[in-house]
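Colleague: Please take one part of this model and walk me through it closely. I would like the strands and what surrounds them, in plain terms.

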Amino acid sequence: MKNKIKIFDDKLRNASSVAIMAHKNPDGDALCSVLALGRLIEKNYGVKCTCIYDGNAPDYLDNIPLRKFAHCWSKLDLMEPVDVAVLVDYGAEHQIGGPLKIVQDAKFVVEIDHHINENPIADLCFDDENADAAAVVLYRLMRDAKWDDDADVRDLLSCAILTDTGRFKFVKNAETLSIMANLVNDGVSVRHLVEIMNNKPRKAVLVEAKATGNAEFFYHNRLAVATIDRHDYRDMDGRGELVLNLLGQIKGVEYVVLLKQQKEDQIGISIRSRGAAIDAIAASFGGGGHTQAAGAVVRGDTLENVHDKIVKAFKGM
Ligand SMILES: [Mn+2]
């Protein structure tokens with residue numbers, strides 16, 4: 001570990017350009033960890049970082065610290081190849097989207113992640129698939145490398161942990177809570193951060209409520225399936241965590257699937273489990289993730305077909 005930190009430290013010392021990015025359509029962990037790392041590198045190495053996301057960043061993250069420094073890939077001017085590209089919370093190569101080009105052209109690539117990934121693409125990897133958030137891996141790195149932080153970094157790491165653990169509901173490791181305790185000791189207000197993230201557009205919450213109300217149940221009510229069609233998808237903000245959380249609270253429900261018709265023939269699948277691992281099911285649809293929370297995007301198929309296939313995939317679970 002020490003050696004890996006030394007390599008990263010050397011690369012940053014000698015870098016004059018750094019780009020940082022996550023998976024497409026960033027969630028809280030992705031966007032907050034990218035911005036926190038950008039600030040950490042600028043503060044400790046004096047190198048200007050370009051923080052990039054592809055797709056849509058949800059409105060509920062509009063008020064997080066440093067939000068204005070996250071640049072949408074489609075609005076970014078073409079970049080010269082960077083000295084160091086850092087992938088944070090990216091999942092797998094195909095989930096990076098447009099900024100993959102920056103990674104491919106970069107002189108050195110680092111990744112900081114907590115996704116199950118058979119094919120990490122970086123030259124230097126700080127990966128731990130058991131960590132509750134990419135921000136946990138980043139926090140360890142920050143401490144081990146003895147980087148200076150600041151209030152914005154601490155708030156961002158906290159927001160990342162809050163979102164990826166579903167406000168602590170999915171915490172697996174006591175370490176995550178210790179980190180949170182340290183952050184609170186250092187001045188973070190959890191209540192304030194939750195409040196700034198209560199920023200979803202009304203129509204987005206109403207669409208999620210409607211999808212929850214129309215959910216179907218299979219296999220003795222152990223599987224709940226909710227659907228958001230193309231029309232309603234336009235009003236969504238984020239990945240549908242409200243639907244997933246609400247259906248997962250029902251007595252007897254072990255698995256929750258949310259189908260999102262992103263385009264006529266492109267279906268996003270989010271899966272949550274309170275029981276057996278479901279990452280293999282997500283992988284069978286070309287996706288991935290974690291054992292209890294995973295997803296996929298199916299292209300070139302109808303909503304009805306994907307619906308029937310995913311219900312069948314849970315047969316015997
Ligand atoms: Mn994450």
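Modeller: The part to look at is an open sheet of 6 strands, in the order S3-S2-S1-S4-S5-S6, with parallel pairing. Strands here are DSSP runs of E with at least two residues, helices are runs of H or I with at least four, and both are numbered from the N terminus. Two strands pair if DSSP finds at least two bridges between them. This is a predicted model, so local features need pLDDT of at least 70, side-chain atom pairs count only at pLDDT 80 or more, and totals for chains, interfaces and linings use all residues. Residues are numbered from 1 along each chain as its sequence is written.

Now go to S1, residues 18–21. S1 runs parallel to S4 (residues 84–88), and 4 bridges join them. S1 also runs parallel to S2 (residues 49–53), again over 4 bridges. Ile 20 shows both pairings. Ile 20 stands opposite Val 86 in S4, and its bridge partner in S2 is Cys 51. Ala 19 has Ala 85 as its bridge partner in S4.

Buried means 20 or more other C-beta atoms within 10 Å of the residue's own; exposed means 12 or fewer, partly exposed lies in between, and C-beta atoms are placed from the backbone.

S4 follows a like pattern. Val 84, Val 86 and Val 88 point one way, Ala 85 and Leu 87 the other, and all are buried. That makes 5 of the 5 residues of S4, so the strand is largely enclosed by the rest of the structure. On to S5: S4 and S5 pair in the parallel sense over 5 bridges. Val 86 stands opposite Val 110 in S5.

Helix H1 (residues 2–13) touches S4, strand S5 (108–113) and S6, and its direction makes about 125 degrees with that of S6. Helix H4 (residues 134–144) touches S4, S5 and S6 as well, and its direction makes about 115 degrees with that of S5.

What does Val 88 touch? Val 88 touches Ile 20, Ala 22, Ala 30, Ser 33, Val 34, Leu 37, Ile 112, Asp 113, Ala 134 and Leu 138, leaving out residues up to four places away in sequence. Contact means that two C-beta atoms, placed from the backbone, lie within 7 Å.

Val 88 is also part of the largest nonpolar core, which has 64 residues. Ile 20, Val 34, Val 88 and Leu 138 have the most contacts inside that core. H2 gives the most to this core, with 9 residues. A nonpolar core is a set of buried Ala, Val, Leu, Ile, Met, Phe, Trp, Tyr and Cys residues joined through C-beta atoms within 7 Å. In soluble globular proteins, nonpolar side chains tend to be buried together.

Helix H2 (residues 28–45) has 18 residues. From first C-alpha to last it reaches 25 Å, close to the 26 Å expected at 1.5 Å a residue. The expected span is 1.5 Å times one less than the number of residues. Of those 18 residues, 14 are buried, so H2 is largely enclosed by the rest of the structure. Just after H2, Gly 46 takes a positive phi of about 65 degrees.

Beyond H4 comes a loop. Lys 146 lies in the loop between H4 and helix H5 (151–164). Lys 146 has a positive phi of about 60 degrees although it is not a glycine. Lys 146 has 9 other C-beta atoms within 10 Å, so it is exposed.

Finally, the wider setting. The domain assignment, which is automatic or from a database, gives domain 1 (2–197) and domain 2 (202–313). Their C-alpha centres lie 26 Å apart. Across the boundary, 10 residues of domain 1 are in contact with 9 residues of domain 2.

Definitions and conventions:
Axes are lines fitted to C-alpha atoms, for helices over the stretch in contact, and angles run from 0 to 180 degrees between N-to-C directions.
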